[in-house]
Amino acid sequence: FYLSRPFIMQSIYIFGIILSKEEFMQSKKEVGLNFIKKFYTDFICPYCKEKMYFAGESLKCTNKHTFDITKKGTINFIISPKIKESKVYNEKLFTCRRKFIENGYYADVYESIANEINDLNLDDITILDLGCGEGIHSMNILSKIKSNYKYFGFDYSKCAINLASDYNGSNRFYFNGDVNNIPIASDSIDVIIDFLSPYSESEVKRVLKKGGIFIKIAPSSNYLLKLREASGLGKYQKQQEIIDNLGKYFKDIVTENYQRTFKIEKDDIENLIGMTPLKLKTNNLKIEQITIDLNVYKMAK
């Protein structure tokens with residue numbers, strides 16, 4: 001579903017997370033500004049790596065690099081000219097993705113991630129989500145967190161972050177960012193989550209606190225196999241490559257596999273097709289069930 005401010009009062013409770021009446025009635029921009037006012041010290045300038053300060057409706061550094069809060073209550077921290085908005089990763093794709101994920105296909109994985117975070121037994125916890133997309137995965141995970149948390153989610157797609165801004169709150173903020181140049185202070189994050197997204201091992205290691213954990217979720221061999229076959233692909237075969245890359249920066253990597261097969265209805269088939277960037281042979285595509293087969297890699301700094 002979509003959220004807007006103002007909205008019907010019954011929607012003040014979403015994904016197990018309660019919004020205050022004041023927060024609920026604010027515009028997206030007001031909510032984003034309130035978050036930045038409280039937590040601007042967590043950010044660094046993506047140009048010069050200097051600390052940021054809050055001024056008016058912007059974040060600025062001592063070298064006068066300026067980043068404005070948008071009407072959606074987000075900030076664009078992408079500075080690389082090589083990163084351009086993808087025509088494939090558009091609003092339609094992320095809308096289909098949200099609708100598909102809402103139907104509980106990843107529930108076991110959310111439980112695993114939340115349990116790992118809760119096991120840290122921290123009263124206050126800071127979470128960074130790499131490639132958060134339109135925000136639906138994060139909201140399902142955050143609803144299970146027992147501690148007070150501060151959450152940062154970012155993605156390179158403006159379409160995704162505009163949708164994710166639906167979930168901005170007093171302790172949640174979504175922004176446009178580059179995984180190779182994260183505008184977050186070093187040694188400041190307790191938990192980093194990467195859910196089926198690209199990442200930079202060196203940047204993860206930089207922003208993660210000593211003793212913090214990195215949780216990487218990646219496909220295993222049978223993940224959405226029927227869909228992959230329809231696109232001319234076979235089983236996913238990069239598991240060892242993922243472990244090898246992680247092993248360059250982390251020790252004692254724990255891997256858990258979650259595999260479950262679901263019957264799938266027509267609406268979800270359409271959303272599944274709509275959310276994939278793969279080129280599908282959809283003319284004769286018949287899918288009666290799908291398999292969610294994911295590896296969750298957990299490691300500490």
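Asn 76 is partly exposed, with a relative accessible area of 30%; here buried means under 20% relative accessible area, exposed over 50%, and partly exposed in between, with a 1.4 Å probe and protein chains only. This is a predicted model, in which local features need pLDDT of at least 70 and side-chain atom pairs count only at pLDDT 80 or more, while totals for chains, interfaces and linings use all residues. Residues are numbered from 1 along each chain as its sequence is written, and side-chain values use heavy atoms, with hydrogens and water left out.

Asn 76 sits in the loop that runs between strand E5 (66-68) and H3. Helices (H or I, at least four residues) and strands (E, at least two) are DSSP runs, numbered from the N terminus. Leaving out residues up to four places away in sequence, Asn 76 touches Phe 67, Lys 158 and Asn 176, where a contact means heavy atoms within 4.5 Å. A polar atom of the Asn 76 side chain lies 3.0 Å from the backbone nitrogen of Ile 78. Then there is Asp 155: it is 79 residues from Asn 76 in sequence, and the two are 9.7 Å apart in space, C-alpha to C-alpha.

Zooming out, the protein chain has ten helices and twelve strands. Of its 301 residues, 53% count as buried. Among the contacts in the chain with a separation of 6 or more, 67% are between residues 24 or more positions apart.

Helix H3 is mostly covered, with eight of its eleven residues buried. Those buried residues are Leu 93, Phe 94, Thr 95, Cys 96, Arg 97, Arg 98, Phe 100 and Ile 101. They pack against H4, helix H5 (136-142), helix H6 (158-164), helix H10 (266-275) and E12.

Next come the greasy parts. A nonpolar core is a set of buried Ala, Val, Leu, Ile, Met, Phe, Trp, Tyr and Cys residues joined through side-chain atoms within 4.5 Å. The largest one has 45 residues, and those with the most contacts inside it are Tyr 106, Ile 117 and Ile 290. Helix H4 (residues 107-118) gives the most to this core, namely five residues. Another core, apart from that one, has 36 residues, including Phe 39, Phe 43, Cys 61 and Met 299. As for Ile 290, its contacts beyond four places in sequence are with Phe 100, Tyr 105, Leu 224, Arg 260, Thr 261, Phe 262, Ile 264 and Leu 272.

Thr 291 is found in strand E12 (residues 289-300). Thr 291 counts as buried because its relative accessibility is 17%. Its side chain is joined to that of Thr 261 by a polar contact of 3.0 Å. A polar contact is a pair of N or O atoms within 3.5 Å; within protein, one must be able to donate a hydrogen and the other to accept it, and residues adjacent in sequence count only if both atoms are side-chain atoms. Besides Thr 261, Thr 291 touches Asn 222, Tyr 223, Leu 224, Gln 259 and Arg 260, again not counting residues up to four places away in sequence.

Lys 216 belongs to strand E10. Lys 216 is buried, with a relative accessible area of 6%. The side chains of Lys 216 and Asp 194 are joined by a polar contact of 2.5 Å. A polar atom of the Lys 216 side chain also lies 2.8 Å from the backbone oxygen of Ser 197. Setting aside neighbours within four places in sequence, Lys 216 is in contact with Asp 194, Ser 197, Tyr 199, Asn 295, Val 296, Tyr 297 and Met 299.

What about disulfides? A disulfide is a pair of cysteine sulfur atoms within 2.5 Å, and by this rule the count comes to zero. Cys 45 is in no disulfide, and the nearest cysteine sulfur, that of Cys 48, is 3.7 Å away. Cys 45 is buried, at 0% relative accessibility. Cys 48 is in no disulfide either, with the sulfur of Cys 61 nearest at 3.6 Å. Cys 48 is partly exposed, with a relative accessible area of 23%.
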